[in-house]
Amino acid sequence: MPATAGESPTARCAKLRQAVIPDTRIELAHTLPSRTRFTNVDGSITTTQVSLCRVVATVSTAPKQNLGIEVWMPLDWNGRLLGAGKSGFGGFIDYRALTTGTGRGFATVSGDTGYKGSGSGEPGKRLDWAADPTSLSNWAHLSVHSMTVAAKAIMNAYYGRGPEYSYFSGCGGVEAMQEVQSFPSDYDGVDARSPGIYYGQLMESFLWGAMLPARQPDARLTKDALALLNRAALRSCGGTPGLEDGFLDDPSQCHFDPAQLQCKGGDDGSGCLSAEQVEEAKRLYSPVRNSVTGEVIYPGFAPGSESGWEAIQSHLAVYYAQPLLASAVFGNPEWDWTTFDFGADASRVDKGLSSIVNATNPDISAFTARGGKLIITQGWADATNAPTRPTDYFNAVAAREGGVAKAQQSLLLVMVPGMGHCGFGPGPTTLGGSSPPTQYSPDRDVISALQAWVEHGKRPTHFVATKYADDRPEAGVRFERPACVYPASLHYNGAGDRRLASSFECVPPAEQIRTSTNLSLVPGG
């Protein structure tokens with residue numbers, strides 16, 4: 001049903017209710033004025049920035065698939081599609097992403113991944129979509145592809161043509177990487193933020209972090225203990241500048257030993273850690289290993305991420321790992337996660353979950369052959385996804401492609417100092433994070449960088465990330481930092497204002513010289 005010349009946008013939008021879209025049922029099609037309010041899944045309010053045509057639809061391209069999507073098409077369209085991904089388990093439409101994308105002129109699509117929920121699970125409650133292998137595969141493998149195909153058909157029906165270029169942006173999860181690896185024709189540019197590439201093993205990491213406190217409550221690192229640990233790590237690895245900044249520019253070469261904080265005879269416990277707390281800290285810094293083979297299941301967290309460790313000690317295991325593994329692997333919603341065996345049960349996870357949902361294939365040649373570009377952003381202070389997982393993936397791609405330079409013709413990994421999971425944290429939060437950039441330019445915004453790269457052949461060479469006062473853009477800029485393209489590393493020039501990005505530079509590995517001004521290793525660490 002192509003657009004008819006002379007029809008008003010309102011009439012064209014309304015006609016979509018009768019549109020015939022393969023495998024798609026249009027539930028609602030109407031125009032929305034700017035300043036229309038929507039309630040997000042977290043209860044916050046988002047408001048449309050432009051007038052647009054809103055389409056609500058259900059997509060069923062595979063058995064047991066019942067995928068809810070919304071396609072928002074601005075009247076003043078830039079000719080491009082923006083697919084919006086979600087973290088956690090999905091289960092909802094992301095109105096914040098829809099309003100942001102359409103506000104920039106993109107036709108924007110969001111999907112619920114095939115079920116209705118809040119993004120997490122509940123202990124003891126079965127996840128129906130995860131309990132069935134077909135539905136689980138639809139969720140992990142097909143949901144974004146089905147959403148994208150339907151969105152392009154709906155756009156063609158409304159605008160009379162499909163998008164000239166298509167981009168995808170997603171936080172966490174496997175959606176972005178699945179698109180690159182399995183459906184290389186869907187998008188021209190992909191923004192993968194803190195991607196959960198090794199999703200099954202990520203769930204095991206959640207169990208690992210919470211296991212000791214569950215069995216020994218005294219081992220739990222309290223807020224005060226985490227603050228003490230964080231200060232010690234910053235002091236050990238970054239000296240006075242690290243303490244003053246509140247984060248580390250690059251913790252990759254730091255080996256901090258929390259045993260230095262263990263209480264000694266006569267200590268009152270207020271300024272030290274118990275032996276059990278030291279053990280918990282060591283677990284979180286260390287990789288999770290298979291207890292039978294000794295192989296690394298999942299890496300540990302970087303020094304400087306300690307302030308974000310509260311969730312990894314219970315919440316992530318209880319509301320993510322337990323419901324998902326109980327449903328997909330153990331077939332018992334009341335499965336006791338504290339009994340998990342990191343040997344035999346790890347093999348069960350590999351077979352029943354990882355083999356279905358992981359997106360670890362370093363062969364992205366089909367995506368790159370058609371000119372596809374991928375930018376992965378990862379915060380060094382991420383306390384959900386270990387920051388070295390994306391570096392592992394990049395190195396695997398580089399090995400396959402024949403070196404870093406060849407890999408970077410289509411893939412960039414950008415490491416953001418002090419940023420947590422898709423934002424937050426003590427460092428800058430605008431690049432691959434939770435806050436908007438100061439401007440939508442290729443050096444400050446990943447989607448803008450992808451557009452310049454895909455459409456004009458201008459590969460990004462550097463990025464700048466911003467920290468706002470109180471994490472509120474309206475409160476003004478607190479400081480800025482370069483975010484380096486891996487494997488380059490961030491270094492301070494030794495004299496400039498540390499609030500300015502110009503006081504830092506990204507240094508290639510061959511030129512990296514570490515001095516006591518920016519790195520202090522624990523003796524024997």
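Tutor: A cavity is a set of points on a 1 Å grid, over the protein atoms alone, where a 1.4 Å probe fits but cannot get out. Its volume is the space filled by probe spheres set on the points, which are joined across faces, edges and corners.

The model is predicted, so local features need pLDDT of at least 70, side-chain atom pairs count only at pLDDT 80 or more, and totals for chains, interfaces and linings use all residues. Residues are numbered from 1 along each chain as its sequence is written, and side-chain values use heavy atoms, without hydrogens or water.

Our part is helix α4, residues 133-159. Helices are DSSP runs of H or I, at least four residues, numbered from the N terminus.

Start with its partner. Helix α4 packs against helix α10, residues 344-357. The angle between the two is about 35°, and their axes lie 8 Å apart. Axes are lines fitted to C-alpha atoms over the stretch in contact; angles run from 0 to 180 degrees between N-to-C directions.

Now the residues. On the α4 side, L136, S137, W139 and A140 make the contact (heavy atoms within 4.5 Å). Facing them in α10 are G352, L353, I356 and V357. Six residues of this contact are nonpolar, two are polar and none is charged. Charged means Asp, Glu, Lys and Arg; nonpolar means Ala, Val, Leu, Ile, Met, Phe, Trp, Tyr, Cys and Pro; the others, Gly among them, are polar.

The model has six cavities of 30 Å³ or more. The second largest cavity holds about 90 Å³. It is lined by 13 residues (an atom within 4 Å of a point). Closest to its centre are K86, G88, W139, V174 and E175. By class, the lining has five nonpolar, six polar and two charged residues.

Last, look at A150, also in helix α4. A150 counts as buried because its relative accessible area is 4%, where buried means under 20% (1.4 Å probe, protein chains only). What does A150 touch, not counting residues up to four places away in sequence? I21, T24, V59 and I69. Then there is T61, 89 residues from A150 along the chain. The C-alpha atoms of A150 and T61 are separated by 9.5 Å.

Note on methods:
On a 1 Å grid over the protein atoms alone, a cavity is a set of points where a 1.4 Å probe fits but cannot get out, and a pocket is an open set with protein on both sides within 12 Å along at least five of seven lines; lining residues have an atom within 4 Å of a point. Buried means under 20% relative accessible area, exposed over 50%, partly exposed in between (1.4 Å probe, protein chains only).
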